[in-house]
There are 2 protein chains.
Amino acid sequence: MATTIKDIAKRTGVSHSTVSRALRGNTIISLETAERIRRAAQEMGYQPSAAARSLKTNRTQVLGVIVSSLADPFFSEILYGIEQCVQDCGYSLFIAASEHDPARERKIVQTMMEQRTDGVIICSSSFSAEQGRQLIAHGFPIVAVNYQAAEGFHYSIYHDDVDGSRQLTRHLINLGHRRIAYLGNSHSGRTTLDRLSGYRSEMNAARLPIPDEYIQHVHGGEPHLGQTAVERFLRLEHPPTAILCFNDMLAIGVLQGLSLAGISVPAQISVTGFDNITFSAYTRPALTTLDQPKRSIGREAAELLLDLLKPDNGSPSEGQQVKILKGTLLVRESTAAPETQGDCKK
Amino acid sequence: MATTIKDIAKRTGVSHSTVSRALRGNTIISLETAERIRRAAQEMGYQPSAAARSLKTNRTQVLGVIVSSLADPFFSEILYGIEQCVQDCGYSLFIAASEHDPARERKIVQTMMEQRTDGVIICSSSFSAEQGRQLIAHGFPIVAVNYQAAEGFHYSIYHDDVDGSRQLTRHLINLGHRRIAYLGNSHSGRTTLDRLSGYRSEMNAARLPIPDEYIQHVHGGEPHLGQTAVERFLRLEHPPTAILCFNDMLAIGVLQGLSLAGISVPAQISVTGFDNITFSAYTRPALTTLDQPKRSIGREAAELLLDLLKPDNGSPSEGQQVKILKGTLLVRESTAAPETQGDCKK
DNA sequence: GTATCCATTGCACACGTGTGCAGGAACCAA
DNA sequence: TTGGTTCCTGCACACGTGTGCAATGGATAC
């Protein structure tokens, strides 16, 4: 159907090899012949077949990207960073969302393998370790982003979630809070554990108690989950004066829940998010959060992967490379010193 | 590198043709042989090469999707709908974002053509008509979603933006508003014009005047653009009592701008969005908007395209198919009757 | 005139998979 | 035994592109 180099060869009266060489810019072909061929290709609307080329060269110029969810703005930003970096190098993206579904994860991995993606970026924190190993076993260069099962992966980009969480916790402690709760997302694997552990270590450093009921995990990261979760905090005998949320989406729900309960933020309760998605700047009050450099993370991941694909880097198993990026605390309006009467000294 | 059917053939002592047939489930191969081959394939970790297969079959099982922006939650939802529908049929997605950049659009179209995508869904409203025609000229089945240059496209899914805009405008008029402004997004091509025309026709029907300065267009759809645009409305001698925004993102910025200006919504000014993205439910006040069935739109587009790809539908030029979906008005808290003293009868 | 060299091009094969057709084996009937 | 049928398998070619090597032809040097 589509025109091939053979069609061009027939029309210009040369062999298909000459056409192939001319179009690839091989200087062994005389300038005039090459020019003639290029013109013919142009006129005939020739588009090389990626399938045929990659069959021959064993390179597809396509990178696979696995994210947890397409609807999550956090991953959208990372994708954006990846695409920015990748497109200039002539690579395209094969994107798939696992949606926390093991069956779909298997399918995605299989597709990536069949497509012979040149490499894969896994930025689904909860992605099954087994599937990841499968990709490695088949020799795929892999860069993991915020991935929990990092053991088998030599190359990864991390955001320092422990540090970020500590920054937020310290900020709350410095404001005078003593009863600080953590709202996690059990679907996010290691990420929520890191954030929890940052919170814990900073609380311990300040010799502040962490009652069991101050730690809650919901199954997902959508706003409405935060909204219902906050009610449980409010029902406690000594409710927290500050809530550290796993991410901005949950925090937005928490703000909503508090507002419905008639509690003013930050006067009565402080709330923090995590990630700094676009909308965290537009909540009322604007959300104090940790600005995670999402686009940079995407870009770094892509750069690292492209580096691995350079032909001279023949021994990818040579070294391990882990890059850790730190986020910065972004103080907006949802945090303040606790009310004095809220102070609870028994 | 990777194991091929030839490797399996060698190991099982049959020809590669037999292996090919066995793995494709051709019943002409004896059951025991087929089983033996399948086991060997399993053990050797065989993954068929999509490139080789599509070279032979002229089918890639991949659909291209072109969106305006990956960072826009509106498109994320559409993508979600598409992926939901497509994955069960064994298709994968090749996703690219044009980011309103003509150079990138050219590159994307070229890539889609080289990859021999089985079909393309264009859901970038401002996508260059020239590039679209290029795809058609090369025989790609195309489904357009909310696409402006629909002339050349036989198959498309539309959201009825005119109707949606009329619903919102009528809602405001019914509340008693007479000075209603429209804030558009010049980057969104026909979409903003449709919404503008819905607004216009409803205003005309109610015999309400539309001063020129009540229509503003900003160059994009991000919140901060709405925030600055609203200041211009406020500086007018007779500022509007209601602002109809092109989409939720702009409306969120408008809310922010009004809040900074000390104007209360909806008491002093009503604001409406469009699209009903997740976060429009979490603004203060919650945004009145038009619930566009984004996931359904994505699903319908995918279904239509998959229909076109069915082998029996040999004559895709036979008929034109346009599906128009209507959204529903979602009244939240950002709209109310105008203040009586704001009524301006000269 | 012959040998040599260089520039240019074509031949032939390869990549991994799918498929039409022929061929072989086993079975049955005559 | 022969002929016909059914069932299974292999041969050979095709898809579109890339590339090592040989071949061609013209120019230059002797």
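1. In strand β11 of chain A, Val322(A) is the bridge partner of Ser156(A). Strands here are DSSP runs of E with at least two residues, helices are runs of H or I with at least four, and both are numbered from the N terminus. β11(A) covers residues 321–325 and runs parallel to β5(A), to which 5 bridges join it; two strands pair if DSSP finds at least two bridges between them.

2. This is a predicted model, in which local features need pLDDT of at least 70 and side-chain atom pairs count only at pLDDT 80 or more, while totals for chains, interfaces and linings use all residues. Residues are numbered from 1 along each chain as its sequence is written, and chains are lettered from A and ligands numbered from 1 in the order in which they are written.

3. β5(A) also pairs with strand β4(A) (residues 142–145), in the parallel sense and over 2 bridges, and there Ile157(A) is the bridge partner of Val145(A). Because 5 of the 5 residues of β5(A) are buried, this strand is largely enclosed by the rest of the structure. A residue is buried if 20 or more other C-beta atoms, placed from the backbone, lie within 10 Å of its own, exposed if 12 or fewer, and partly exposed in between.

4. Around DNA strand C there are 25 residues, of which Val14(A), Ser17(A), Thr18(A), Thr4(B) and Ser17(B) come nearest; a residue is near if its C-beta atom, placed from the backbone, lies within 6 Å of the strand. Helix α4(B) gives the most to this surface, with 5 residues.
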